[in-house]
Amino acid sequence: MTKGFITHTYACVNGRGAHLAIKQLNYWLKMVNKKPGKWYYLKLDISKFFYRVDHDVLLGIFRRRFNDERLHRLLEKLICSEYTSFGLERFGDVEAGRVSDKGMPIGNLTSQLFANCYLDLLDQHCKRSLRIKHYIRYMDDVIVLTDSKDAAQMYLQQITAFVNEVLLLDLNKKTAIRPVSGGIEFVGYKIWWSHVRLRKSTALRAKRRYAYMSRKYTDGELGLEEIKRVIVSYQGVMKHCDSYNLRRKISRTFILKRNRE
């Protein structure tokens, strides 16, 4: 089902993933840093994406992609659940209740794959029609690099029209155009041409988590093995960025007294 996806979409594609996406964006930033002028990035944020995916648009994608009526019927049963309504009206209030002709359950593996197929329409439009060179997507997180603010604003207008008219979705207020010199937040990290760091909110959660576990361990309420599992998890996240100073700060607040075990 992923055959035909563009090179620089990284979610739910075998052999890719978030960390490869980080490396690619960091590589592009290194390249544009060597070029003259001031570069900008356009960050796209789709409003309530998983809740507002239009079922008719999604099923239309699969009808064009697969010439198999049995498969079409199966996909329709998966997407158009008769028992649970996941969706939100496009312009409706969140409190107004759920609808059955839009949306997909967050966390479901099929939802991630279906979402990728849905946004492949945007990928193809940006790469084939708009001819954007530096375009990268991880699920509904999209970054475009441009060599001028005017170019970024032009792309924003064209992409907004496509998202509204073809995908039947909308961009929200988090969509922004900013200089790349300030770093780009992408898939949980902040990326510059020279280095990559954890996003501030992620780093803060890590420090608070370590401090909490340190107190619980000192009070004898938490075992060493449980702490080790959390440490390994955070180390897996931090090894993909420049995190020496963060790890040093954490080590000051988190001292394991191994003789307790």
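A polar contact here is a pair of N or O atoms within 3.5 Å, one able to donate a hydrogen and the other to accept it. The views below come from a predicted model.

**View 1. His8 and Tyr10 touch through their side chains.** The polar contact between His8 and Tyr10 spans 2.7 Å. His8 sits in the segment before α1 (18-33). Its relative accessible area is 17%, so His8 is buried. The cut-off for that class is under 20%.

**View 2. Asp141 and Lys43 form a salt bridge.** The N to O distance is 3.0 Å. This pair links distant parts of the chain. Asp141 belongs to strand β3 (residues 141-146). Lys43 belongs to strand β1 (residues 40-45). Asp141 and Lys43 are both buried. A search of the whole structure finds five salt bridges, one of them this pair.

**View 3. Asp120 and Arg65 form a salt bridge between two helices.** Their side chains meet at 3.5 Å, N to O. Asp120 lies in helix α5, and Arg65 lies in helix α3 (residues 55-65). The partners are 55 residues apart, and the pair links distant parts of the chain. Asp120 has a relative accessible area of 7%, so it is buried. Arg65 has a relative accessible area of 27%, so it is partly exposed.

**View 4. Asp123 and Arg137 form a salt bridge between a helix and a strand.** The closest N and O atoms are 2.8 Å apart. Asp123 is in helix α5. Arg137 is in strand β2 (residues 134-138). They are 14 residues apart. Both Asp123 and Arg137 are buried. Side chains of opposite charge can pair when their charged atoms come close.

**View 5. Arg128 of helix α5 lies 9.9 Å from Ile6, C-alpha to C-alpha.** In sequence, Arg128 and Ile6 are 122 residues apart. Arg128 has a relative accessibility of 49%, so it counts as partly exposed. Exposed would require over 50%.

**View 6. Arg131 and Met139 have positive phi values.** Neither residue is a glycine. Phi is about 60° for Arg131. Phi is near 55° for Met139. Arg131 is placed in the loop between α5 and β2. Met139 is placed in the loop between β2 and β3. Arg131 is exposed, with a relative accessible area of 63%. Met139 is buried, with a relative accessible area of 9%.

**View 7. Lys102 and Asp54 meet in a polar contact.** The side chains of Lys102 and Asp54 are joined at 2.9 Å. Lys102 is in the loop between α4 and α5. Its relative accessibility is 9%, so Lys102 counts as buried.

**View 8. Arg52 makes a side-chain contact with Ser47.** This polar contact joins the two side chains at 3.1 Å. Arg52 is in helix α2 (residues 49-52). At 9% relative accessibility, Arg52 counts as buried. Met104 also belongs in this view: its C-alpha is 8.0 Å from that of Arg52. In sequence, Arg52 and Met104 are 52 residues apart.

**View 9. Six acidic residues gather in a patch of negative charge on the surface.** The members are Asp56, Asp68, Glu69, Glu76, Glu89 and Asp101. Asp101 is found in the loop between α4 (69-79) and α5 (109-129). Asp101 has a relative accessibility of 40%, so it counts as partly exposed. Patch residues must have over 30% relative accessible area and no salt bridge. Asp101 passes the area cut-off because its value is 40%.

Technical notes:
Residues numbered from 1 in each chain as written. Predicted model: local features only at pLDDT ≥ 70, side-chain atom pairs only at ≥ 80, totals over all residues. Heavy atoms only, no water. Patch = residues over 30% accessible without salt bridge, like charges linked within 9 Å, V, L, I, M, F, W, Y side chains within 5 Å. Areas by Shrake-Rupley, 256 points an atom, 1.4 Å probe, with all protein chains shown as cover. Salt bridge = Lys/Arg side-chain N within 4 Å of Asp/Glu carboxyl O. Lys, Arg positive; Asp, Glu negative; His and termini not counted. Charge placed at Lys NZ, Arg CZ, Asp CG, Glu CD. Helix = DSSP H or I, 4+ residues; strand = E, 2+ residues; numbered from the N terminus. Buried < 20%, exposed > 50% of the residue type's maximum accessible area, 1.4 Å probe, protein only.
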